[in-house]
Amino acid sequence: MTQQVAPGPDGFLRGLFDMAVAVADPMRVVPAHLPPRPKGRLIVIGAGKASARMAEAVEAHYGPCEGLVITRYGYARPCQGIRIVEAAHPVPDQAGLNASAEMLDLLQGLGPEDLVLALISGGGSALLCAPAFGLDLKQKSAVNDALLASGAPISQMNLLRKHLSRVKGGQLAAAAYPAPMLSLLMSDVPGDDPAMIASGPTVGDDSDAASALAIAERWSIPLPEAARNALAQGKSGVVKTDDPRLAQARSVIVAAPAQSIAAAAKAAEQAGIDLRFLGDQIEGEARDVAAAQVEQAIQIAATMTAENPPVLMLSGGELTVTRSGSGSGGPNAEFVLAAALALQGHPHIHVLACDTDGVDGAAEVAGAIAGPGTLAQAASQGIDARSALDDNDAHGFFASVGGQIVTGPTLTNVNDFRAILILPPQPQDQEIVQAP
């Protein structure tokens, strides 16, 4: 029996992405992990693109709470007692700097009968801004901008960030001592390492200053002289994992990429799709990963007949872009543009890649989708896809030819979602399968 995906391949892929986002809604995943109220004070702190929604979920459970959460501009949610501060991401600003200082002050004077509930999600690295070694905001922002353009893996970026901060690498948890701390984490990093989510402000780290300096040198990150000298001398405030100030700090991951991809995979299989799962921890240069996955997709397509069901390749993780051009485009849109170029209008393959937080790179765009007609559409408008890729201008390309996916704030963050749909060679004869 032959099959068809409807309301069209693009609609089907978009439905899977929307499902992956919905599964990671903090209102769904946070309440089950909330402990009883403590005997003393309950202080709620947090940072990240999902943190305001997490705070909303906390107050839906407890009622009004005392605390402060820092989130990205446009990602605030109504809370009864927790103060929500919006700040810049991915490059920090004065609002984040001021709110981080206020958060550290809020943690002073707590005791063992109090409880600090920390709500941490991706984006917290930029939003929690408390530079070390006398760095000012301009210098801190310059380092962060250079990291984003370097192509370094997120684990390398976050390790360096820890050693240039007064709040990351367990320092936020140490500031709350002797109060116990429970951190609820939404993972946006490959491997779900709590120490890497938002640069681990509530989780200890055993790396040293020398390793941070080596990362700066490996990825050609220019450091202010004061910071370079401090790292060279072995100075860092990062808190070791066996530090007694962290003895009462524990972390729980409440949402991770695997859960979202599993939900999409289940929906696809129920729709009669042949699933090929590539992994949820994929890292690497966006265009290189795209080329490798497209090669695999073309090989699969070459073996299919009209009687085969559609095939779906699913993957997650966090790709990077080594920025050399002047255009606008994050790793998801660049993945799709590179895939479209590699496919060269293949008649049966469609590609989607989006960030579950709704922000791909620094743009208010989740990602993009491309199909057999993408390059032809570009050519009809006089747009050179190869030139756009060379200029790192994937967002500009898809804004012009169509294919941008704009969600607005999703209020969650469980990393990237990539899907490649391969249809049998006679899609016009296929039976309809409803999108999720």
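In the predicted model, Thr71 touches Gly48, Lys49, Ser51, Ala52, Ala76, Ile84, Val85, Glu86, Ala87 and Leu127, leaving aside residues up to four places away in sequence. Thr71 belongs to strand 3, which spans residues 66-72. The relative accessible area of Thr71 is 0%, and because the cut-off for a buried residue is under 20%, Thr71 is classed as buried.

Leu119 is found in strand 5, residues 115-121. This residue is likewise buried, with a relative accessible area of 0%. Beyond residues up to four places away in sequence, Leu119 touches Val44, Ile45, Gly46, Ala47, Ser51, Met54, Ala55, Val58 and Leu184. Ser51 is listed among the contacts of Thr71 and also among those of Leu119. Between Leu119 and Asp274 there are 155 residues in sequence and 37 Å in space, taken from C-alpha to C-alpha.

Ile45, one of the contacts of Leu119, is part of the largest nonpolar core, which has 52 residues. Ile45, Val116, Leu160, Leu172, Ile221, Leu223 and Leu231 have the most contacts inside this core. Helix 9 contributes the most to this core, giving five residues. In soluble globular proteins, nonpolar side chains tend to be buried together. With residues up to four places away in sequence not counted, Ile45 touches Leu68, Val69, Met103, Leu106, Leu107, Val116, Leu117, Ala118, Leu119, Leu172 and Met181. Among these contacts, Val116 and Leu172 are also named with Ile45 as residues with the most contacts inside the core.

The largest pocket has a volume of about 780 Å³. Its lining consists of 41 residues, and those nearest the centre of the pocket are Pro90, Leu148, Pro331, Gly361 and Ala362. By class, the lining divides into 15 nonpolar, 16 polar and ten charged residues. At least two lining residues come from each of helix 5 (124-127), helix 6 (137-150), helix 7 (154-163) and strand 9 (311-320). Helix 7 supplies the largest share, four residues.

Pro90, one of the residues nearest the centre of the largest pocket, lies in the loop between strand 4 (83-87) and helix 4 (94-106). The peptide bond that leads from His89 to Pro90 is cis, with omega near 15°. A cis peptide bond is also present from Tyr177 to Pro178, where omega is near 10°. Pro178 is located in the loop between helix 8 (171-176) and strand 6 (181-186). Most residues other than glycine have a negative phi, and most peptide bonds are trans.

Two residues other than glycine with positive phi were also examined. For Ser220, phi is near 55°. Ser220 sits in the loop between helix 9 (209-218) and helix 10 (225-232). Its relative accessibility is 61%, so Ser220 counts as exposed, the cut-off being over 50%. For Leu411, phi is positive at about 70°. Leu411 occupies the loop between strand 12 (404-405) and strand 13 (416-422). Leu411 has a relative accessibility of 12% and therefore counts as buried. Thus Ser220 is exposed, whereas Leu411 is buried.

Technical notes: Residues numbered from 1 in each chain as written. Predicted model: local features only at pLDDT ≥ 70, side-chain atom pairs only at ≥ 80, totals over all residues. Heavy atoms only, no water. Buried < 20%, exposed > 50% of the residue type's maximum accessible area, 1.4 Å probe, protein only. Contact = heavy atoms within 4.5 Å. 1 Å grid on protein atoms, 1.4 Å probe; cavity = no way out; pocket = protein on both sides within 12 Å on 5 of 7 lines; lining within 4 Å. Points joined across faces, edges and corners; volume = space filled by probe spheres on them. Nonpolar A, V, L, I, M, F, W, Y, C, P; charged D, E, K, R; others polar. Core = buried A, V, L, I, M, F, W, Y, C linked by side-chain atoms within 4.5 Å.
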